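Here's a quick briefing to read alongside the model. Grab the sequence, open the viewer and follow along.

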Amino acid sequence: MKKMKIWILLGILAAAAFLIFLFVPRENVPPPNTRVVLEHTHRTYIAPSCFQEADATNYLEESTLEQAKELNYPPHTDCTAEAFEGNVESRFTSILKEFGVIEKESVDW
């Protein structure tokens, strides 16, 4: 009987830890392999969703956000800066966004 109570207590503690893990807010940032367009003429990077309004030149390269940061390229426009802003949300909310239950704020990452 005593073993049963210990297992029930351990189960309750594990469930509580799992719920805390799911609902505690955390900071999210775009991953380093996020796709960007490097605008070498202006030495900036452009988010794919902002490309049409970016007024880019022909000296372009498709790359990653990590490469843009290594080159010390700033965002080309405010649109690009906003597209790659981080946010604070729980893991549960992140999971719902990945499955399409909740709409993502940014389509770029």
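Contact here means heavy atoms within 4.5 Å. With that in hand, valine 24 touches Glu89, Ser90 and Arg91, leaving out residues up to four places away in sequence. This is a predicted model, so local features need pLDDT of at least 70 and side-chain atom pairs count only at pLDDT 80 or more, while totals for chains, interfaces and linings use all residues. Residues are numbered from 1 along each chain as its sequence is written, and side-chain values use heavy atoms, with hydrogens and water left out.

- Valine 24 sits in the loop between α1 (2–23) and β1 (25–28); helices (H or I, at least four residues) and strands (E, at least two) are DSSP runs, numbered from the N terminus.
- Valine 24 is partly exposed, at a relative accessible area of 40%. The classes run like this: buried is under 20% relative accessible area, exposed is over 50%, and partly exposed is in between (1.4 Å probe, protein chains only).
- From valine 24 to phenylalanine 92 is 68 residues in sequence, yet 8.9 Å in space, C-alpha to C-alpha.
- Alanine 47 belongs to the loop between β3 and β4, and is buried with a relative accessible area of 0%.
- Setting aside neighbours within four places in sequence, alanine 47 is in contact with Thr80, Ala83, Phe84 and Asp108.
- Alanine 47 and serine 106 are 59 residues apart in sequence and 10 Å apart in space, C-alpha to C-alpha.

**The disulfide and its surroundings**

- Searching the whole structure turns up one disulfide, meaning a pair of cysteine sulfur atoms within 2.5 Å.
- That bond joins cysteine 50 to cysteine 79, with 2.0 Å from S to S.
- The pair ties together distant parts of the chain, 29 residues apart: cysteine 50 is in the loop between β3 (44–46) and β4 (60–64), and cysteine 79 is in helix α3.
- The link of cysteine 50 and cysteine 79 is left-handed, with -75° about the S-S bond.
- Cysteine 50 is buried at 0% relative accessible area, whereas cysteine 79 counts as partly exposed at 24%.
- Threonine 80 is also a residue of helix α3, and is buried with a relative accessible area of 0%.
- Not counting residues up to four places away in sequence, threonine 80 touches Tyr45, Ile46, Ala47, Cys50 and Pro75.

**The largest nonpolar core**

- A nonpolar core is a set of buried Ala, Val, Leu, Ile, Met, Phe, Trp, Tyr and Cys residues joined through side-chain atoms within 4.5 Å.
- The largest one has 13 residues, and Val36, Leu38, Tyr45 and Phe84 touch the most other members.
- At least two residues of this core come from each of β2 (35–39), β3 and α2 (65–70), with β2 giving the most, three residues.

**Positive phi in two loops**

- Arginine 43 is not a glycine, but has a positive phi of about 55°. This residue lies in the loop between β2 and β3 and is exposed, at 56% relative accessible area.
- Asparagine 72, not a glycine either, has a positive phi of about 60°. Its place is the loop between α2 and α3, where asparagine 72 is exposed with a relative accessible area of 66%.

**The largest pocket**

- On a 1 Å grid over the protein atoms alone, a pocket is an open set of points where a 1.4 Å probe fits, with protein on both sides within 12 Å along at least five of seven lines; lining residues have an atom within 4 Å of a point.
- The largest pocket has a volume of about 310 Å³, a volume being the space filled by probe spheres set on the grid points, which are joined across faces, edges and corners.
- Its lining takes in 16 residues, with Asn28, Asn87, Glu89, Glu105 and Trp109 nearest the centre.
- Two or more lining residues come from each of α3 (78–83), β5 (87–90) and α4 (91–98), and α4 provides the largest share, three residues.
- The lining divides into four nonpolar, five polar and seven charged residues (Ala, Val, Leu, Ile, Met, Phe, Trp, Tyr, Cys and Pro count as nonpolar, Asp, Glu, Lys and Arg as charged, and the others, Gly among them, as polar).
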